[in-house]
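These are my notebook entries on one protein model. I set down what I looked up, topic by topic.

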Amino acid sequence: MTTKVTMPQLGESVVEGTVGKWHVSVGDRVEKDQTVVEILTDKADSEVPSPVGGIVTAILAVEGVVVRVGEVLVEIDESATSSAGNGRKPISAPAVSAGPSGAVIAAVMPTAAPAAAPPAFAAGPAPAASPSVRKLAREHDIDLAGVTPSGEHGRVTRDDVLRAATPEPAPTPEPTPTPMPSSAGRVTSPGGLPAPVPMQPSTAGVPAGRALAFKSPPYIAKPGDEIIQFSRRRRIIADHMIYSKLTSPHVVTVAECDLHRTSRLREEHKAVLKKEGVNLTFLSFICAAVARSLRENRGVNARVLDDAFVLLREINLGIAVDTPDGLVVPVVKHADELTVRGLARAIDDVAKKSRDGNLTPDDLAGKTFTISNPGLKGNLHGGAIISQPNVGILRIGEIQKRTVVVEHDGEDLIAIRPVMFMSLSYDHRIVDGVAANTFLYRIVEILEAADFVI
């Protein structure tokens with residue numbers, strides 16, 4: 001009996017993935033739940049296990065191609081037995097064809113004769129490395145087999161991969177005159193410097209047939225410059241930010257919040273929760289206030305369709321986390337159903353998984369609103385770019401002690417309070433200023449009153 005292993009649904013918004021690395025070859029025996037292939041998506045990288053035990057009879061997608069959910073990746077014969085020798089059936093050259101989604105695939109079937117060409121890589125055990133290190137190597141297109149390990153027992157470390165990904169510095173060139181366009185209209189570079197690379201300007205919003213009035217000047221290499229290639233994650237972030245700015249008309253509104261009462265409430269419970277392993281941060285209280293305000297102001301908990309918009313029932317908060325590999329936004333599901341304690345525990349969990357590189361596609365899927373926290377070295381406030389397909393993102397500033405005017409017994413007094421500014425970026429296609437300001441005002445109201453269930 002032959003079982004076809006298909007591209008799984010790796011998260012609710014994932015419709016396709018890139019074949020990263022095969023862990024099996026045709027003729028290999030696999031056990032149930034053994035990893036057969038790694039799939040890379042814009043959410044996370046995942047391993048696809050075998051649903052059955054048997055012999056691999058066909059691999060139907062080569063590394064690097066994009067496959068859609070439901071397309072066949074590999075076929076496994078549960079009744080077949082492996083051939084003698086190295087346990088692999090001899091294979092012929094792959095027959096390349098187009099798959100259901102138009103992606104190029106290769107059907108590799110056993111034949112009676114040994115393969116004419118030797119394998120591209122020498123057989124041997126894969127170098128020892130943690131999952132996060134392997135993921136980093138894939139993002140930088142680094143073959144771990146060619147990396148010199150420096151860790152214990154021959155393990156490849158993160159620093160080993162980064163060293164391999166950093167090109168050797170080029171010799172410092174002699175200063176040269178500014179390049180001038182040649183008669184053919186191409187920029188020349190005398191003196192051996194690399195030719196300038198013209199930037200490709202966006203033509204979005206420019207009427208057809210009209211030339212751009214502005215063009216970025218070409219880059220000219222100078223001594224001391226360092227060119228850093230985009231990693232896969234950085235490219236995804238860049239594409240997402242451009243798409244968001246071109247899609248959503250951003251408007252930013254800012255509010256000031258006195259955290260005096262919330263700070264006192266936090267101090268009352270911080271030590272007790274610390275003994276339980278819970279880090280009671282201000283972010284936990286902010287998330288609780290945001291979740292309640294979203295429940296009361298549903299227009300901000302929404303997404304835009306082609307000619308309509310949806311008011312979402314679930315309230316799932318995306319928490320922006322800065323990691324060594326770049327920004328990720330894991331999701332705290334059903335945030336409005338959690339107490340401050342529950343939110344603190346959930347935030348700690350997703351932040352740790354983010355830094356360790358252990359996020360799953362489900363951890364990154366389903367956000368309905370995003371909160372951006374600049375951390376301890378933050379600043380007063382700033383306008384964040386909306387994380388699509390949400391219609392709003394809240395960026396919180398750093399908390400500083402400031403002099404404020406407070407009312408006590410009918411008199412205005414000057415006091416020193418912990419104050420924070422919050423900036424809401426919202427999509428003006430469906431969120432109007434009144435709705436946005438009402439939503440933000442309610443968050444401030446909850447925090448200033450410390451109206452929370454711990």
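The entries below go from the whole chain to single residues.

**Basis.** I worked on a predicted model, in which local features need pLDDT of at least 70 and side-chain atom pairs count only at pLDDT 80 or more, while totals for chains, interfaces and linings use all residues. I number residues from 1 along each chain as its sequence is written, and side-chain values use heavy atoms, with hydrogens and water left out.

**Whole protein.** I found seven helices and 21 strands; helices (H or I, at least four residues) and strands (E, at least two) are DSSP runs, numbered from the N terminus. Of the 454 residues, 39% are buried. Buried means under 20% relative accessible area, exposed over 50%, and partly exposed in between, with a 1.4 Å probe and protein chains only. The protein exposes about 25800 Å², of which carbon and sulfur atoms supply 54%; the areas come from the Shrake-Rupley method with a 1.4 Å probe, and for residues only the protein chains shown count as cover. Among contacts (heavy atoms within 4.5 Å) with a separation of 6 or more, 59% link residues 24 or more positions apart.

I traced an open sheet in the order 1-8-6-3, with antiparallel pairing. Its edge strands are strand 1 and strand 3 (29–30), each pairing on one side only. Two strands pair if DSSP finds at least two bridges between them. Strand 1 (residues 2–6) is joined antiparallel to strand 8 (residues 72–77) by five bridges, and Thr6 stands opposite Val72. Thr3 and Val5 form the covered face of strand 1, whereas Thr2, Lys4 and Thr6 form the uncovered one.

**Helix 4.** This helix (residues 260–275) has 16 residues and reaches 24 Å from first C-alpha to last, close to the 22 Å expected at 1.5 Å a residue; the expected span is 1.5 Å times one less than the number of residues. I noted a bend of about 40° at His269, taken as the angle between axes fitted to the seven residues ending there and the seven starting there. Thr262, Ser263, Leu265, Arg266 and Leu273 are buried in helix 4, and their cover includes helix 5 (282–296), helix 6 (340–356), strand 21 and helix 7 (433–449). Just after helix 4, Gly277 has a positive phi of about 85°.

**Arg417.** Is Arg417 buried or exposed? Arg417, in strand 21 (residues 411–427), counts as buried because its relative accessible area is 18%. Its side chain makes a polar contact with the side chain of Asp258 at 2.9 Å. For a polar contact I required a pair of N or O atoms within 3.5 Å; within protein, one must be able to donate a hydrogen and the other to accept it, and residues adjacent in sequence count only if both atoms are side-chain atoms. Leaving out residues up to four places away in sequence, Arg417 touches residues including His260, Gln400 and Val404.

**Backbone exceptions.** Most residues other than glycine have a negative phi, and most peptide bonds are trans. I therefore recorded the following cases against that background.

- The bond from Gln388 to Pro389 is cis, with omega near 10°; Pro389 is in the loop between strand 18 (369–372) and strand 19 (392–396).
- Asp409 has a positive phi near 55° and lies in the loop between strand 20 (400–408) and strand 21; Asp409 is exposed, at 70% relative accessible area.
- Ala450, in the segment after helix 7, has a positive phi of about 50° and counts as buried at 18% relative accessibility.
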